Amino acid sequence: MIRVVLPAHLRNLSKTGSEVQLDVEGPVTIASVLDALEARYPMLQGTIRDHVTRKRRPFVRFFACEEDWSHEPVDTPLPDAVASGKEPLLLVGAIAGGI
């Protein structure tokens, strides 16, 4: 069971709490977690990654075990703590702007 923490705007869209639990088949990677997330919550398709290119949207970041995984290849296995459900995978909606 993989734990995924969603940002507020994706929680509202998917009508979930802050954390969802997913069953992921095969190796636990960002791609496999997103596949499982989009299969369970189809309304999230296209919000985290582009429909065609399957690349991460610019203002969405991935964190695992307090490390930024946003620029890692999506087929890189996630840490064992995430794969075992001990630690969640965090999806963070980045905010730009300021003075």
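User: Why is R49 called buried?

Analyst: R49 has a relative accessible area of 5%. Buried means under 20%, exposed over 50%, and partly exposed in between, with a 1.4 Å probe and protein chains only. So R49 counts as buried. This is a predicted model: local features need pLDDT of at least 70, side-chain atom pairs count only at pLDDT 80 or more, and totals for chains, interfaces and linings use all residues. Residues are numbered from 1 along each chain as its sequence is written, and side-chain values use heavy atoms, without hydrogens and water.

User: What makes R57 partly exposed?

Analyst: Its relative accessibility is 30%. That lies between 20% and 50%, so R57 is partly exposed.

User: How do you know that the side chains of R49 and D35 make a polar contact?

Analyst: Their polar contact is 2.5 Å. The definition asks for a pair of N or O atoms within 3.5 Å; within protein, one must be able to donate a hydrogen and the other to accept it, and residues adjacent in sequence count only if both atoms are side-chain atoms. The R49 side chain makes another polar contact, with the side chain of E38, at 3.0 Å.

User: Which residues does R57 touch, leaving out those up to four places away in sequence?

Analyst: R57 touches G46, T47, I48, R49, D50 and H51. Contact means heavy atoms within 4.5 Å.

User: Where is R57 placed?

Analyst: R57 is in the loop between α2 and β3. Helices (H or I, at least four residues) and strands (E, at least two) are DSSP runs, numbered from the N terminus. R49 is also found in the loop between α2 (30-40) and β3 (60-64).
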